[in-house]
Amino acid sequence: MNFSDIDPTAFRLSLQVATTATLLCLVVGLPVTWWIWRSRPAWSRILSTLVLLPLVLPPTSIGYYLLFALGRQSAVGRFLIDDLGIRVVFTWPGAAIAAAVVSLPLFVRTAQGGFEQVEPDIVDVARTLGRRPTVILARVVIPLAWPSLLAATLLSFARAFGEFGATVIVAGNIPGETQTVPVAIYDAVQAGNDELANAIAFITLIFGFVVLAVTAVVLQRVR
Amino acid sequence: MLSCDIRVDFGDETLRPSFTTGLGITVLFGPSGAGKSVTLKALAGLIRPSSGRIEFDESIFYDSTASTWVPPGGRQVGYVPQSLGIFPNMTVRENIAFGATGGRQDRDERVRRLVGLMGLAGLETRKPPTLSGGQQQRVALARALARDARLLLLDEPFSALDEGLRQEMRHELLRLRDELSLTIVFVTHDLREAHLLADRMAVIDAGEIRQFDAREEVFRRPINRRVADLTGIANIFSGVVTAVREGEVDVRVDGIELRCGSCGGNSFSAGQAVDVAIRAERVNLRRRSPEELAGTNAFEATIVRELPYGSTHSLQFQPIAAGPSLHVELAARPYDVLDVAHRRRWTVELPIADLHVMERRTAQGD
């Protein structure tokens, strides 16, 4: 296996995209999970279905809708580009947004499992003690659900790192700018460079193994 | 003054608790699933009623006509659920301080005072999982009081304790009631607990308050068969009024006339179908014959079943001729003195003052 032809930028970009996507999952996912958990059953079901949708859609469909939503064709896209001067399509932040949308269902599902293990009476008492929901979330729920939240974070990171379909449509395949590891593998295979594809894929295999092993060890220590 | 008159639609069921109470302990008593906990949660603001009004002193917590709704955190009530809801990730001090308001010094002072009041000194830095059941109860009570709550809502808080500790915590609660000026609503399905703690008692069944009154009134003068049954009256007979006198009613039950001296403020008329109740511990066993005790509701009966509970004996009597079957509860001492173990045939006397007559309402299924 020849590792010398590998462009380390793809790995740097993938880590950048996966880290940003994971942060987005945390920022959006925690309140969404809280909302699903605390809402009336009807609202909870609707929200849950919306959040889980990316899990059953082909990532390319998600990419297609994001391309539309973030591009000039939509009002949001026009606002971002014309008023704020932020271009997302064909940039690495675009790839991070796509990866976050695809990873969000995994985050929410896993985090929800953790929230559900927190006894409802504990939250009820906290509510009667006059503290804001954000304080209850930060001081009561997260400390009690954190093993599941850690698992959710690591799973989202791994999913975002490996994301291909949505990111390639939103961010394209620009070496050094938007070409992440999965796209680099696809590129190598398309170019008939099996040795390069093999080398990159091998590194991802090691990476995946390490992430899962770390998750297992951390969770075991916590429990 | 706490006033609650609400309708709560909960799943397929509708609850309509309605009562007004004041300082001291008000026990919400009833069987499992009667709606006690839901009522308490509505008072705490954890469940939003469909309509009605909840008012405590000068504060209106909920009023559907004025669209008033105070969320749980704004009600300044102390709430302790059955599982206590202790924060296991925080120390005793942090648990108590979680709800305390004011500056750091105020909070520290308040926590110190509550630690002293609840006998938790020395345990401030311990985490709840390392505490005993009784200590956890005290932490939950201290935390509920940390916001200077004047209304305390307790949902079977002692049910997970063993009998000794439970007794200790009940006395602790009575002490708190006397030391602090508190309105306490206490949910229980334990009759002994209700009797010990209640200043006033609401008997709740199928989502409605069947009777709300001072404890002794509820225990001695239930308003109907269902309440009598729920409050543990073992002897309830169906009968027909035969004569009405000043403060007394004669009722024909199973072939004999019973003089009943407790009418609960109701007026009855001859021929009316009624229920008559007497608590098992109120029945007397006499050695003399019914003829010698004429005019005192005495008839001959024989013991057909006996259950020794240690401190008391539960005896079931079958009449020799006319009269109803009876459950009699006898303390161990009189049981031995009367030598009940060796004598099966007795004259049972139902004291006139203890025979309580209730209206019979078939429409309620009572």
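Which domains does the domain assignment of chain B give? In this predicted model, the assignment gives domain 1, covering residues 2–220, and domain 2, covering residues 225–359.

**View 1. The two domains of chain B.** The C-alpha centres of domain 1 of chain B and domain 2 of chain B are 38 Å apart. Where these domains touch, 11 residues of domain 1 of chain B and 10 residues of domain 2 of chain B take part in the contact.

**View 2. The buried area between the domains.** The size of an interface is often expressed as the accessible area that is lost when the parts come together. Between domain 1 of chain B and domain 2 of chain B about 870 Å² is buried, and carbon and sulfur atoms give 61% of this area. On the side of domain 1 of chain B, the residues B:D205, B:F219 and B:R220 supply 51% of the area buried against domain 2 of chain B, which is more than any other three residues supply.

**View 3. Salt bridges and polar contacts.** Two salt bridges are found across the interface of domain 1 of chain B and domain 2 of chain B. B:D205 forms a salt bridge with B:R226, and the closest N and O atoms of this pair are 2.8 Å apart. Across the interface of the two domains of chain B, three residue pairs are in polar contact.

**View 4. The side of domain 1 that touches domain 2.** In chain B, strand 11 (200–205), strand 12 (208–214) and helix 7 (215–220) each supply at least two residues of the side of domain 1 that touches domain 2. The residues of this side of domain 1 of chain B comprise seven nonpolar, one polar and three charged.

Key
Residues numbered from 1 in each chain as written. Chains lettered and ligands numbered in written order. Predicted model: local features only at pLDDT ≥ 70, side-chain atom pairs only at ≥ 80, totals over all residues. Heavy atoms only, no water. Domains from an automatic or database assignment. Contact = heavy atoms within 4.5 Å. Buried area = accessible area lost by both parts, 1.4 Å probe. Salt bridge = Lys/Arg side-chain N within 4 Å of Asp/Glu carboxyl O. Polar contact = N/O pair within 3.5 Å; in protein donor to acceptor, adjacent residues only side chain to side chain. Helix = DSSP H or I, 4+ residues; strand = E, 2+ residues; numbered from the N terminus. Nonpolar A, V, L, I, M, F, W, Y, C, P; charged D, E, K, R; others polar.
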